Amino acid sequence: MPRVFAIESMPTSAAYVIGALEAAGFEAWMVGGWVRDTLLGKTSHDIDITTDARWEQTKRVLEEAGCEVCETGTELGTVTVVCEGESMEVTTYRVEGAYDDHRHPSEVRFVSDVKDELARRDLTVNAMAWNPARGLLDPFGGLRDLDRGCVRAVGDPWRRFDEDALRMLRAVRFSACLGFTVEQQTQRALAGRATGLMDVASERMGRELDALVRAGKAGTASLEQPEVMCAAIPELADARGFNQRSVYHVYDVYEHIAHVCNAVQAFTAGCAMPELQWAALLHDVAKPATYSEDVDGYGHFFDHPRQGALMADAIMRRFAIPSEVREAACALIRLHDERMPATEQAIRRMLKELSGSCKGREVPLGFALFDLRRADAVAKCPSAASWAHEMDQYSALLRAEVARSPVFEVGHLAVGGADVMRTCVLQPGPAVGLQLDVLLRVVMAGEVPNEREALLAWLAGHT
Ligand code: ATP
Ligand code: MG
């Protein structure tokens, strides 16, 4: 059956804003991601409106209509409008010059024809406008490309990618996220111009990469568009084609990383937390730098988890990834290859370690660590895949530990500093903390139950 692409309704707040601008004699359209996603039958998370009104006129008309208007990007013609609690961006039709410093367009010119406004947009599927009375405006064949499942640059891809190299990463993100193929000319330009990304401001790249990673499509993008991914994250370029010289690995480091990203998605039914997805993408990033070969010619990567966590920290800082995601991803990377017996003690040690860098999030991160290790195992070689099953045992141990309120911090102990001072006859000071640490160790090792009477008795017997 042919797919039907139609827009049947729109948010009432956006209809109100468009209605107010048009009643005042201006033209206004829904544009960009909202049009694309709505045609695809998806809910769109943000609303962009474009108009021939200058921002000052937009502000006046919409304030008179009772909306709140914030001057969020007036140099580019943008204001943010809040109507019925919904916030949306309203931007004047504009065209842009090249992004000279790779951050901001060198010049912005306001124009009166909406088609010129659409021509500055990156991809045909992102260059459609829709108005409730006039319907769809699609000068570049965006609808046909949506139907074919095709990502295509608006205009000459080489020129458009030279103007702003970030568009390449966007093309890769949209093709991976929508499951589209990249049109041939656009694909040639992607491979030919990928290195242009190295000059793009890192925060701009970070926003695209974060969206790609959170969508669970970093693996797909890495396998399908290695040039663009390696230009965006040069540390990955060293992993590309890097032979692991190991009987446990059928893939080179780069391919292994991509397969781990995909396996994480598979094991979490597409619901992996962003910290796990970032960890998957960067978990082996230090392998090339830590490589050594033994006398038999086998490859080893000693210390790569710790070095990898350091590199991942620098990479994610560069991309301005939120610190809570960065810190957790680095903790997972640090622990991804740690030897761990399947015991309660080992589970408690892991929780303690995770709590050290991400206090309060150790339990979900513990499960995420097992998903990472499962994914790591299945992306090695067929015989290593059985290690993935071991993780079921670890998850079961962690579940049991959670059910009995785990103890891996001094604060979890059934006694406190005052008990220690009283029982051990100590004055306040560092010795109290040291004593609590000792107590924590014996409880974590399962030598004493975490019960008040038992702990007081143990303390009394060990002073
Ligand atoms: P998402 O759902 O990820 O937000 P989106 O299409 O809304 O997708 P945005 O980054 O919010 O993406 O950008 C809004 C619109 O602005 C795009 O649909 C596209 O038309 C245009 N756009 C964004 N970045 C560029 C760019 N670098 N060059 C040209 N047009 C761009
Ligand atoms: Mg958007």
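A residue is near a molecule if one of its heavy atoms lies within 4 Å of it. I kept that rule beside me while looking through this predicted model.

**Entry 1: around the ligand**

I looked up the surroundings of ligand 1 and found 16 residues around it. The closest are Arg-36, Asp-164, Arg-167, Arg-170 and Arg-173.

Next I checked some polar atoms. Asp-164 has an N or O atom in its side chain 2.9 Å from a nitrogen atom of ligand 1. For Asn-126, a polar backbone atom is 2.9 Å from an oxygen atom of the ligand. His-45 places a polar side-chain atom 3.0 Å from an oxygen atom of ligand 1. I also noted that ligand 1 taken alone exposes 580 Å², and that the protein buries 81% of this.

**Entry 2: the domains**

About 650 Å² is buried between the two domains, with carbon and sulfur atoms giving 70% of it. On the domain 3 side, Arg-348, Val-407 and Phe-408 supply 68% of the area buried against domain 4, more than any other three residues.

I wondered how many salt bridges cross the interface of domain 3 and domain 4. The rule finds 0 there, but I did note 5 residue pairs in polar contact between these domains.

Note on methods
Residues are numbered from 1 along each chain as its sequence is written. Chains are lettered from A and ligands numbered from 1 in the order in which they are written. This is a predicted model: local features need pLDDT of at least 70, side-chain atom pairs count only at pLDDT 80 or more; totals for chains, interfaces and linings use all residues. Side-chain values use heavy atoms; hydrogens and water are left out. Buried area is the accessible area (1.4 Å probe) that two parts lose on being put together, summed over both. A salt bridge is a side-chain nitrogen of Lys or Arg within 4 Å of a carboxyl oxygen of Asp or Glu. A polar contact is a pair of N or O atoms within 3.5 Å; within protein, one must be able to donate a hydrogen and the other to accept it, and residues adjacent in sequence count only if both atoms are side-chain atoms. Accessible areas come from the Shrake-Rupley method with a 1.4 Å probe; for residues, only the protein chains shown count as cover.
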